[in-house]
Amino acid sequence: MPHIKTYMRVSPDFTQLAWFLVTSANLSKAAWGALEKNNTQMMVRSYELGVLYVPSAFNMKTFPIDTNPFPASSSTSGFPVPFDLPPTSYSPKDQPWIWNIPYSQEPDTHGNIWVPS
């Protein structure tokens, strides 16, 4: 799971999706490949796996976005986007999490603290 990426084309009002991709691929030539040898050969340096959801496969023009996908329900008619739309900007108080720095001031939402060995 930590290697997963999601890409999508969302409408300007954040209510519809033109497509949604779940993949391990980065946005790089190594992951997507590049033409070489005078454009006669495709060179792929790392093989990745993904699933592309397109509305036409479901007889739809676009996917409506499910604004409340949790908890999951079989009665929903929208596409369950697993994060907030529009994206939330970082605030000046936000700090990046760094794996080798201890975080012992407060426990996380599961009651754990992080103290690397």
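This is a predicted model: local features need pLDDT of at least 70, side-chain atom pairs count only at pLDDT 80 or more; totals for chains, interfaces and linings use all residues.
Residue numbers start from 1 along each chain as its sequence is written. Local features need pLDDT of at least 70 and side-chain atom pairs count only at pLDDT 80 or more, while totals for chains, interfaces and linings use all residues; side-chain values use heavy atoms, with hydrogens and water left out.

**View 1. K5, a buried lysine without a salt bridge.**
Let's start with K5, which lies in strand β1, residues 5-10. Strands (E, at least two residues) are DSSP runs, numbered from the N terminus. K5 is buried, a word used for residues under 20% relative accessible area (1.4 Å probe, protein chains only). A salt bridge would need a side-chain nitrogen of Lys or Arg within 4 Å of a carboxyl oxygen of Asp or Glu, but the nearest side chain of opposite charge to K5, that of E48, is 6.1 Å away. Here Lys and Arg count as positive and Asp and Glu as negative, with His and the chain ends not counted. The K5 side chain does make a polar contact with the side chain of N26, at 3.2 Å. A polar atom of the K5 side chain also lies 3.3 Å from the backbone oxygen of S24. Polar contacts are pairs of N or O atoms within 3.5 Å; within protein, one must be able to donate a hydrogen and the other to accept it, and residues adjacent in sequence count only if both atoms are side-chain atoms.

**View 2. N38 and N39, two asparagines with positive phi.**
Look in the loop between β3 (34-36) and β4 (41-43) for N38; N39 is found in that loop too. Phi is about 60° in N38 and near 60° in N39, although neither is a glycine. N38 counts as exposed (over 50% relative accessible area) because its relative accessibility is 76%. N39 is exposed as well, at 58%.

**View 3. The cis peptide bond between L85 and P86.**
Omega is about -5° at this bond. P86 sits in the segment after β6.

**View 4. A nonpolar surface patch with three tryptophans among its members: W97, W99 and W114.**
I98 and I101 also belong to the patch, and the five residues together have about 560 Å² of accessible area, from the Shrake-Rupley method with a 1.4 Å probe and only the protein chains shown as cover. Patch residues have over 30% relative accessible area and no salt bridge: like charges are joined within 9 Å, and nonpolar side chains (Val, Leu, Ile, Met, Phe, Trp, Tyr) within 5 Å. W99 is found in the segment after β6 (63-64) and counts as exposed, at 58% relative accessibility.

Key
Helices (H or I, at least four residues) and strands (E, at least two) are DSSP runs, numbered from the N terminus.
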